[in-house]
Amino acid sequence: MAGTGVRPLSREPLTLPGLLPPLPAEALHARVARTLRGAVSEGALPGGTRLPGHRALAQALGVSRNTLVDALAQLEAEGYVEARGRSGTRVLLPALDLPGTGSAPAPRLPLSAWAERALAGQLEDAGGDYATDFRVGQPVPELYPARAWAQALARRAAQPLPGSGGDDPLGPLDTRRALAAHLRAERGAQVTPEMLMLTGGTQPALDALARLFLEPGRVAAAEVPTYPAALAALSATGAEVRGVPVDDGGLCPEALPPQASLLYLTPGCQYPTTVTLGAARRREVLAWARGAGAYLLEDDYAADLHHTGRAPTVMQGLAPERVILLGSFSKSLAPVTRSGFVAAPPEVLRVLAATRPLTDRFPGTLDALALADLLASGGYARHLRRARQALAHRHDVLLAALTNLLPGWQPRPARAGLHLYVTLPPGLSAPAAQAGARAVGVALSPVSGPGQAGVLLAYAHLPPEAIRAGVGRLARQFA
């Protein structure tokens, strides 16, 4: 046994471990192998131990002999055990020497500066079960056109995929043609299929564009308050992000920093206040961009969710050479579709397409083609007409409930989107409102930022009776 790294067979009775709990979709032989592997690593089966015969070991573990044989073959291939013919199967490895077990703190991860900045930009949201959940970001399953989407997927799945559909970094041409037509007709965009790249949603597009334009030493600008995940993507690059105040007319152009090379804004429906940037201010912002040599990231997140009149046209239609338009169907269809897009000047799109394989896969071809059919057939437009009616009704229910039951809270009527922005009464901070609401089983989203005394109440995912009940709980706490 000299030089083998194992000790002589112990004469003490062998205590076999019980099977570990199964992992999702784990085969039984893999579960047996994982159990024995852990016993070896922890010293329960020391090096040199002779295992019982296959039949006896299988019976002890409660599995079939064939399952056990498959598990031992896997462990032998990994070097944990060795089958020695008539001498049986023996454990080869000694137990692992694992320092720092028990209550010792975990070692600090050697995170990069990018990761530290990205984590610093994340907002924690209290979990838990609530009687009424008004937090933003909730899916709206009853407004999802499940039948139309399933039919579009089935049609496309039965057809051969186009030759270049799976490897075009911009996404299938059929989808980009249908999307370009939709954006020109509905959003006033100046866009061709060659100016479009399909994405898995707005956030990966934000991350990619921030990495292209920003780095330590550069300056970006963003509305204050703004979408927290967008701010996190900009800040993670190490660039200085300067806030531009928002008032009742939207972003204030006179506060734009001249050094910025990128501006993130939501002019159609400002997030989170829901105000619309007027024509005069839009012209001022575009004049600033041309003078500063900056690009605008126009997030048109609520484009198809305008339930009061028509949505304003996009700024991209006024200056396609300076504006990069971001959009997504995750709110108007469902997050599960993961369908978004970037409309950008050709020189920007070329760089995005060339760098995309380093950090992202090409868009899902089948989902993209199903989206093309939904857009081209008119199915998406029919879905939006129904969804907008439901959204308008739920918006009005929430607005009326707040006005009647919480007169000190001042909701701003919204022309679009899925939430109301509510200014709190003097003396009540956003964190205090969140804590008080939680005490009566209601969840809401505080507005982050210095001097912000507001909360967001999402309504699209709640039926009218749940909206009224939730506001009633708030009224009992705060009225």
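The model is predicted, so to speak a computed one: local features need pLDDT of at least 70, side-chain atom pairs count only at pLDDT 80 or more, and totals for chains, interfaces and linings use all residues. Residues are numbered from 1 along each chain as its sequence is written, and side-chain values use heavy atoms, with hydrogens and water left out.

Empty space comes up to begin with. Rolling a probe the size of a water molecule over the atoms shows where such space is left. Here the search runs on a 1 Å grid over the protein atoms alone: a cavity is a set of points where a 1.4 Å probe fits but cannot get out, while a pocket is an open set with protein on both sides within 12 Å along at least five of seven lines. Lining residues have an atom within 4 Å of a point. Grid points are joined across faces, edges and corners, and a volume is the space filled by probe spheres set on the points.

The second largest pocket holds about 250 Å³ of space. Its lining counts 14 residues, with Pro-204, Ala-208, Arg-356, Thr-359 and Asp-360 nearest the centre. Helix α7 (202-213) is among the elements that supply at least two lining residues, along with β4 (196-199) and α10 (346-359); α7 has the largest share, six residues. (Helices are DSSP runs of H or I with at least four residues, strands are runs of E with at least two, and both are numbered from the N terminus.) Sorted by class, this lining has seven nonpolar, three polar and four charged residues. In that sorting, Ala, Val, Leu, Ile, Met, Phe, Trp, Tyr, Cys and Pro count as nonpolar, Asp, Glu, Lys and Arg as charged, and the others, Gly among them, as polar.

The largest cavity takes up about 110 Å³, and Asp-300, Ala-303, Asp-304, Ser-328 and Phe-341 are the closest to its centre out of 14 lining residues. Helix α6 (173-187) and strand β10 (323-328) each give at least two residues to that lining, and α6 gives the most, with three. The second largest cavity comes in at about 60 Å³; its lining has seven nonpolar, two polar and one charged residues, including Leu-143, His-383 and Leu-418.

Salt bridges (a side-chain nitrogen of Lys or Arg within 4 Å of a carboxyl oxygen of Asp or Glu) number 14 in the structure. Asp-300 sits in the loop between β9 (295-299) and β10 and Arg-187 in helix α6, so the pair ties together parts 113 residues apart in sequence. Asp-300 is buried at 9% relative accessible area, and Arg-187 is buried too, at 2%. (Buried means under 20% relative accessible area, exposed over 50%, and partly exposed in between, with a 1.4 Å probe and protein chains only.) Another bridge joins Arg-37 and Glu-78 at 3.0 Å, N to O. Here helix α1 (residues 28-42) holds Arg-37 and helix α3 (residues 65-78) holds Glu-78, 41 residues apart. Glu-78 is partly exposed, at 38%.
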